Amino acid sequence: MDSNTNVDTNGRQLTKLAQKLAVMLMQSFITAVFVFVLLTFAYYLHLRCRSTVVTLQPIMGNFSYYDNTNGSGFRASVPVEQIVNVTASDLCSIVSRDLYSLEQMGYVDETRRVSKLLSLDLGGAQNVYYVFVNTRHVPWTVACSLESALGAVGNVGRVNVFVVSGMEFDRIDNKCSLTQPVSLLSILIDLTNKYGNHRLNVMHVNLDDMLEFSPFQSMGLNKRPALAKFIVELVLLWQFGGTVLDGDMVAIRGSVYRATDTAVEYGDLTVSSPVTCHPFVYDAMVCTKSYALLYRPFMADTSLKIFEKAVEWSGRGVGDVRRMGDNVVCRDGAVSTHCHYVQRADVDFIHRYCPTV
């Protein structure tokens with residue numbers, strides 16, 4: 001009797017053991033299948049990425065870019081692959097309006113549609129640009145900056161204002177936090193009535209249209225308004241040349257400071273390119289894309305840091321790029337006869353440069 005009981009117990013234990021082994025084998029099989037599927041999908045994505053990647057050749061033997069999350073900056077290394085959608089020569093071909101070349105590069109579809117930005121007739125490097133992203137109200141000083149630029153640009157070039165929409169959210173437009181807030185739309189209407197469309201060119205544009213056929217296409221910048229504003233400014237400088245001004249500056253010298261020789265000149269409040277398709281502007285675009293892919297916050301001094309690191313990465317000399325002189329912008333209200341612009345000056349002083357607003 002005891003012998004039979006032991007046999008039954010041993011049989012049940014063997015059965016349970018066999019069941020456990022079967023379950024373990026099944027789990028191992030499912031895990032293996034899952035890992036295989038993941039590896040196959042990853043390899044497929046790798047092949048697709050390789051088909052669209054453009055290799056950037058290092059300039060003067062060095063290639064540097066934002067390559068870590070610790071903010072340690074650039075490092076020299078062997079040539080690496082940087083993910084960008086187009087090359088400098090491609091974009092310059094777009095600006096040349098050579099439709100045959102555009103079609104060969106795939107930038108023109110069957111209906112021969114080209115970049116919406118390219119269709120804008122903005123003139124050349126004498127133009128001035130302001131960019132506003134999801135902004136309905138601005139401080140009075142920004143409106144004054146616009147009018148002062150209109151007075152300073154005279155009949156040489158135009159002031160182009162881009163009001164960019166297409167963000168996934170509406171910026172909280174807290175007028176109480178602004179200094180003497182004014183309606184951006186109202187002030188643009190008033191300034192257009194006074195100075196005319198030949199001096200002030202206002203365009204309401206979509207972010208995706210602005211970035212079409214640029215290295216920033218389809219990057220999801222509609223959730224990052226500060227970065228999107230800086231990138232739109234770079235794309236405008238690349239495709240058209242000219243000068244970008246910040247709304248914190250008021251032009252007081254009667255002329256706009258422009259880069260006039262072969263070099264791009266940059267600062268924290270303005271940047272100027274003397275020509276269309278300047279190679280350093282493209283360098284700055286590539287560095288900006290590298291920065292954007294890290295998803296770091298875009299602070300007040302980020303644009304200046306990007307320009308400085310683009311200079312370091314590219315190895316370009318003063319014939320191609322240089323820091324704008326300190327005498328171009330007088331800061332904190334201290335005005336001298338050498339300044340083209342003043343920042344945060346006394347209201348009574350700057351009001352003479354913007355009588356309409």
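This is a predicted model: local features need pLDDT of at least 70, side-chain atom pairs count only at pLDDT 80 or more; totals for chains, interfaces and linings use all residues.
1. Overall make-up. The protein contains 10 helices and 14 strands. Of its 357 residues, 43% are buried. Among contacts with a separation of 6 or more, 75% link residues 24 or more positions apart.

2. Helix 7 against helix 8. Helix 7 spans residues 225-240 and helix 8 spans residues 279-292; their axes lie 9 Å apart, at an angle of about 160°. Angles over 145 degrees count as roughly antiparallel, and the two helices are therefore roughly antiparallel to each other. Their crossing is left-handed.

3. Residues between helix 7 and helix 8. Helix 7 contributes L227, F230, I231, L234, V235, L237 and W238, and these meet P279, V281, Y282, A284, M285, T288 and A292 of helix 8. By class, the residues of this contact are 13 nonpolar and one polar, with no charged residue.

4. Helix 8 against helix 9. Helix 9 covers residues 302-314, and its axis comes within 9 Å of that of helix 8, with a crossing of roughly 115°. This crossing is right-handed, whereas that of helix 7 and helix 8 is left-handed.

5. Residues between helix 8 and helix 9. From helix 8 the contact takes in F280, D283, A284, V286, C287, T288 and Y291; from helix 9 it takes in T302, I306, F307, K309, A310, V311, W313 and S314. These residues divide into 10 nonpolar, three polar and two charged.

6. The Y266 and F280 pair. The count of aromatic pairs comes to eight. In one of them, Y266 and F280 are stacked, at 6.5 Å centre to centre and with 25° between the planes. Y266 belongs to strand 10 (residues 264-266) and F280 to helix 8, so the pair ties together parts 14 residues apart in sequence.

7. Burial of that pair. Residues under 20% relative accessible area count as buried. Y266 has a relative accessibility of 6% and so counts as buried. F280 is buried too, at 0%.

8. The aromatic cluster. Y266 and F280 belong to one aromatic cluster together with F230, F298 and F307.

Technical notes. Residues are numbered from 1 along each chain as its sequence is written. Side-chain values use heavy atoms; hydrogens and water are left out. Axes are lines fitted to C-alpha atoms, for helices over the stretch in contact, and angles run from 0 to 180 degrees between N-to-C directions. Helices (H or I, at least four residues) and strands (E, at least two) are DSSP runs, numbered from the N terminus. Angles under 35 degrees count as roughly parallel, over 145 as roughly antiparallel, 65 to 115 as roughly perpendicular and the rest as oblique. A crossing is left-handed if the near helix is turned anticlockwise from the far one by less than a right angle, and right-handed if clockwise. Contact means heavy atoms within 4.5 Å. Ala, Val, Leu, Ile, Met, Phe, Trp, Tyr, Cys and Pro count as nonpolar, Asp, Glu, Lys and Arg as charged, and the others, Gly among them, as polar. Rings of Phe, Tyr and Trp (its six-membered ring) pair if their centres lie within 6.5 Å; planes under 30 degrees apart count as stacked, over 60 as edge-to-face and the rest as tilted. Buried means under 20% relative accessible area, exposed over 50%, partly exposed in between (1.4 Å probe, protein chains only).
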